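Good morning, colleagues, and thank you for making time on the agenda. I would like to take you through one model, beginning with a single contact question and then moving on to the sheet, its helices and the charged pairs.

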Amino acid sequence: ALQIKPDVAATHNNLGNALYDLGKLEEAVSCFRRALHIKPDFAEAHNNLGNALNDLGLRVEAVASFEVALEINPDFAGAHRNLSAGKSYQDGDPQIRHMQQLVEQQDLPDEDRMQLNFALGKAYADIGDHDNAFSCLLRGNRLLKEKRTYESASARALFTNIKSRFADDVTTLEIGTEDAVRSGQQPIFILGMPRSGTTLVEQILASHSQVYGAGELVLLEKSVNGVEWKSRRISSDQLQSVRESYLSGLAKIGPSEPYVTDKMPLNFRWIGFICPAMPEAKIVHVKRDARATCWSIFKHYFSRSGHGFANDLQDVADYYKLYIDMMAFWKQQFPGRIYDLQYEALTERQEDETRKLLEYVGLAWEDQCLEFHK
């Protein structure tokens, strides 16, 4: 489309969205900026640019983009929610009043009502109005749950099936040192429950000169679901297929660093494939207080599917129990393969915990790992 008409802002914006979904954030930013160069009052492109900048860790620039989007379109519910995640509210903030007026409109689409309730939940919490904050989060999550199909029974069945496939000894692929080096990057899986601190751990590791932070990749789940594992015992051919699919996917990302982090939290479900298929891989399990984790999940808006358990307090609690049980199972099946990192200990004893983490991965100390925020 751009070859035919290179100056269509909407096309640049759409290309940016496609690149964003592929995790190519810098390229997405360039597309959104190009769209805005053509059409400076393109509120949607400003909002999308803010999302990409936020994922790159450029929080201040992201907030500025969301604010411009709202200057152009004050009723843009998605921009209100995005801005709320990066802003601290004070009592009397005019944005709160405007969101209140919007959410009271009878003909407001459910999607906008859901987004505004999440935003108001954050705003009310900031100003200490916890009753209203909780009510808004309940309404926002209820609307989001209606959009998504999630049943606790299905999750339980999946976890039971996974465990049954790995209840017996599973063949580990014989990967020599030369084969591991030839495969390219060495994966570091950072996993656990969402909102447990996986992002922080990845930022620390990715500050190291030998580590590339790839973010939340859907690569492992795709690789696992590419083999027929649900109805028969795991074979070495299946493990080899998972290995080749995953490592070739990493190679396509194209990092030059020898280590690559994959911080998809829900990869904890697939540890049974990681350990035998990629014996050279490192697995960092980030643990956080159950109450802090579950509450953070419930109040967080997950834009992508796959987190259906997040929108109901009972579902969150049930899923957390499944996670605890699954991790205990993996540690029994693969002793010594999983490194536990306690989030609270990391925040309280940053250097000590970072040194132990780097030692586990096999990396020399670098001071910039303490300055991950830069």
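This is a predicted model: local features need pLDDT of at least 70, side-chain atom pairs count only at pLDDT 80 or more; totals for chains, interfaces and linings use all residues.

Which residues does Ser-296 touch, not counting residues up to four places away in sequence? The contacts of Ser-296 on that count are Arg-195 and Arg-288. Ser-296 itself sits in helix α15, which spans residues 290-299. With a relative accessibility of 7%, Ser-296 counts as buried, because the cut-off for that class is under 20%.

Let me turn to the sheet. Five strands make up an open sheet, and their order across it is β2-β3-β1-β4-β5, with parallel pairing. At the edges are β2, residues 211-213, and β5, residues 338-342, each of which pairs on one side only. From one strand to the next, the twist averages 25°.

How many of the 7 residues of β1 are buried? The count is 7 of 7, so β1 is largely enclosed by the rest of the structure. In a regular strand, side chains alternate between the two faces of the sheet. For β1, both faces are covered: one side carries Gln-186, Ile-188, Ile-190 and Gly-192, the other Pro-187, Phe-189 and Leu-191, and all of these are buried.

Helix α13, residues 236-253, lies across β1, β2 and β3, and runs at about 100° to β1. Helix α18, residues 350-361, lies across β1, β3, β4 and β5, and its direction is at about 170° to β5.

I now move to the charged pairs. Side chains of opposite charge can pair when their charged atoms come close. In this model the count of salt bridges comes to 17, and I shall discuss some of them.

The side chains of Glu-280 and Arg-243 meet in a salt bridge, at 2.9 Å from N to O. Glu-280 counts as buried at 13% relative accessibility, and Arg-243 counts as buried at 5%.

Asp-312 and Lys-145 form another salt bridge, at 3.3 Å from N to O. The pair links distant parts of the chain, 167 residues apart: Asp-312 is in the loop between α15 and α16, while Lys-145 is in helix α8, residues 130-147. Are these two residues buried or partly exposed? Asp-312 counts as partly exposed at 25% relative accessibility, and Lys-145 counts as partly exposed at 30%.

A further salt bridge joins the side chains of Lys-87 and Asp-93, at 2.9 Å from N to O. Both Lys-87 and Asp-93 are buried. There is also a network of salt bridges, which links Glu-348, Arg-349, Glu-353 and Lys-356.

Leu-83 is located in helix α5, residues 77-86, and is buried, with a relative accessible area of 3%. Leaving aside residues up to four places away in sequence, Leu-83 touches Val-63, Phe-66, Glu-67, Leu-70, Tyr-89 and Gln-95. Between the C-alpha atoms of Leu-83 and Met-327 the separation is 35 Å, and these residues are 244 residues apart along the chain.

Leu-313 belongs to helix α16, residues 313-333. This leucine counts as partly exposed, at 41% relative accessibility. Together with Phe-134 and Trp-295, Leu-313 forms a nonpolar patch on the surface, and the three have about 260 Å² of accessible area together.

That concludes my tour of the model, and I welcome your comments.

Methods. Residues are numbered from 1 along each chain as its sequence is written. Side-chain values use heavy atoms; hydrogens and water are left out. Two strands pair if DSSP finds at least two bridges between them. Helices (H or I, at least four residues) and strands (E, at least two) are DSSP runs, numbered from the N terminus. Axes are lines fitted to C-alpha atoms, for helices over the stretch in contact, and angles run from 0 to 180 degrees between N-to-C directions. Contact means heavy atoms within 4.5 Å. Patches are made of residues with over 30% relative accessible area and no salt bridge: like charges are joined within 9 Å, nonpolar side chains (Val, Leu, Ile, Met, Phe, Trp, Tyr) within 5 Å. Accessible areas come from the Shrake-Rupley method with a 1.4 Å probe; for residues, only the protein chains shown count as cover. A salt bridge is a side-chain nitrogen of Lys or Arg within 4 Å of a carboxyl oxygen of Asp or Glu. Buried means under 20% relative accessible area, exposed over 50%, partly exposed in between (1.4 Å probe, protein chains only).
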